[in-house]
Amino acid sequence: MQRKNAFLVVGGDSLVGGGVVRALEQRGHRTLATTRRADTVSPTRVLLDFESSTPFRVPRDVGYAFLIAAATNYERCATDPLARVINVELIPRTVASLLDQGLFVTYISTNSVFGGERPWPQEDDPHSPGIPYAQQKSDSEEVVRDAAARLHAADRINIVRLTKIMNASVSPLPSWLAAWKRGSPVEPFADLIFAPISVKFVGEALASIGEQRIAGNLHLSGAENVTYVEFARRLASRLGISPGLIKPTTAIEKGIHIPFKPRFSGLGMERTTRLSGIKPQSLDTLVEDLFADTEA
């Protein structure tokens, strides 16, 4: 009998998916990624279009899948009915298909399902979504759980919620780095809170969760809720940038509407740490990962 020890990453071209692929490959795992473009299919890239009604057959040696795909643009989720169809119907349908074919599945979700008004919500706390994207992800989690229960696969699925993912290519870092290179100041928001984690951290953490096959709700979060001003100061210090090149402002002062503006962004990780050994990422470690990105 062929061993099913390969991993499939649905959404392997995404920021998070790419991090997971790299982490799994560095650990020596055979890893396949999916693509929606037939002209890019290869021995390590398989065709999967979750909008297609054609059934997707999982390669025979794959035993675990990460589903890292969603319509994530807040404005689109608020205005385009197709976004809800993608998030609440088509992607959960793909999860159900993977479970039905015997795989262990990780489904990626978001801290926004908790609404941002409660500090450090734990893995099994109730949801309180406040924007359409968060509502769709909350609803999709319910659809996924119902499918797992119907297929008697509740012990083969986990839902992993993430906070803000960062690397040197994620906004606002490209503009900040370019400004500092010119000797110009940046204007981070003092009224926007987040608990960022690096692509490297989330890739390695998801690879570890995949190896351990832990079922249920899990969280990956930064260890601190910080403003973008605090984040800019810590990053500038590591890069040797003068504090004078940071000019704090606010989204209100700039007249910028931000749909999801939580009071608290970080996620509690008590269950995740207890079962996996993974701890929240410190801000210092995140800054070191971002520094390494800029040096690469």
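Me: Before we get to loops, what counts as a helix or a strand here?
Reply: Both are DSSP runs, numbered from the N terminus: a helix is H or I with at least four residues, and a strand is E with at least two. Keep in mind that this is a predicted model.

Me: OK, then where is Arg213 found?
Reply: In the loop between helix 6 (199–212) and strand 10 (216–220). Arg213 has a phi near 50°, which is a positive value in a residue other than glycine.

Me: And how accessible is Arg213?
Reply: Its relative accessibility is 36%, so Arg213 counts as partly exposed.

Me: What about His152, what's its phi?
Reply: Near 55°, again a positive value in a residue other than glycine. His152 sits in the loop between helix 4 and strand 6 (157–162).

Me: Is His152 buried or exposed?
Reply: Exposed, since its relative accessible area is 71% and the cut-off for exposed is over 50%.

Me: Switching to peptide bonds: is the one from Ser171 to Pro172 cis or trans?
Reply: Cis, with omega near 15°. Pro172 belongs to the loop between strand 7 and helix 5.

Me: Now helix 7. What span should its 12 residues have, and how far apart are its end C-alpha atoms?
Reply: At 1.5 Å a residue, residues 228–239 should span 16 Å, and the end C-alpha atoms are 16 Å apart, so the two agree.

Me: Which residues of helix 7 are buried?
Reply: Tyr228, Val229, Phe231, Ala232, Leu235 and Ala236. They cover an arc of only 155° around the axis, so they lie on the same side of helix 7.

Me: Why would residues spaced like that point the same way?
Reply: An α-helix has 3.6 residues a turn, so residues three or four places apart point the same way.

Me: What covers the buried residues of helix 7?
Reply: The cover includes strand 7 (165–166), helix 5 (173–182), strand 8, strand 11 (226–227) and helix 10 (283–295).

Me: Zoom in on Ala236 for me. What does it touch?
Reply: Leaving out residues up to four places away in sequence, Ala236 touches Trp180, Ile241 and Ile246. Ala236 is in helix 7 and counts as buried because its relative accessible area is 1%, with the limit for buried set at under 20%.

Me: How far is the C-alpha atom of Ala236 from that of Phe291?
Reply: They are separated by 9.8 Å, and the two residues are 55 apart along the chain.

Me: What comes just after helix 7?
Reply: Gly240, which takes a positive phi of about 75°.

Me: How many cavities of 30 Å³ or more does the structure hold?
Reply: It holds 1, and the largest cavity has a volume of about 50 Å³. Residues lining the largest cavity include Asn111, Phe114, Arg118, Phe260 and Phe264. By class, that lining has 5 nonpolar, 4 polar and 1 charged residues.

Terms used. Residues numbered from 1 in each chain as written. Predicted model: local features only at pLDDT ≥ 70, side-chain atom pairs only at ≥ 80, totals over all residues. Heavy atoms only, no water. Expected span 1.5 Å × (residues − 1). Buried < 20%, exposed > 50% of the residue type's maximum accessible area, 1.4 Å probe, protein only. Arc of directions from axis to C-beta. Contact = heavy atoms within 4.5 Å. 1 Å grid on protein atoms, 1.4 Å probe; cavity = no way out; pocket = protein on both sides within 12 Å on 5 of 7 lines; lining within 4 Å. Points joined across faces, edges and corners; volume = space filled by probe spheres on them. Nonpolar A, V, L, I, M, F, W, Y, C, P; charged D, E, K, R; others polar.
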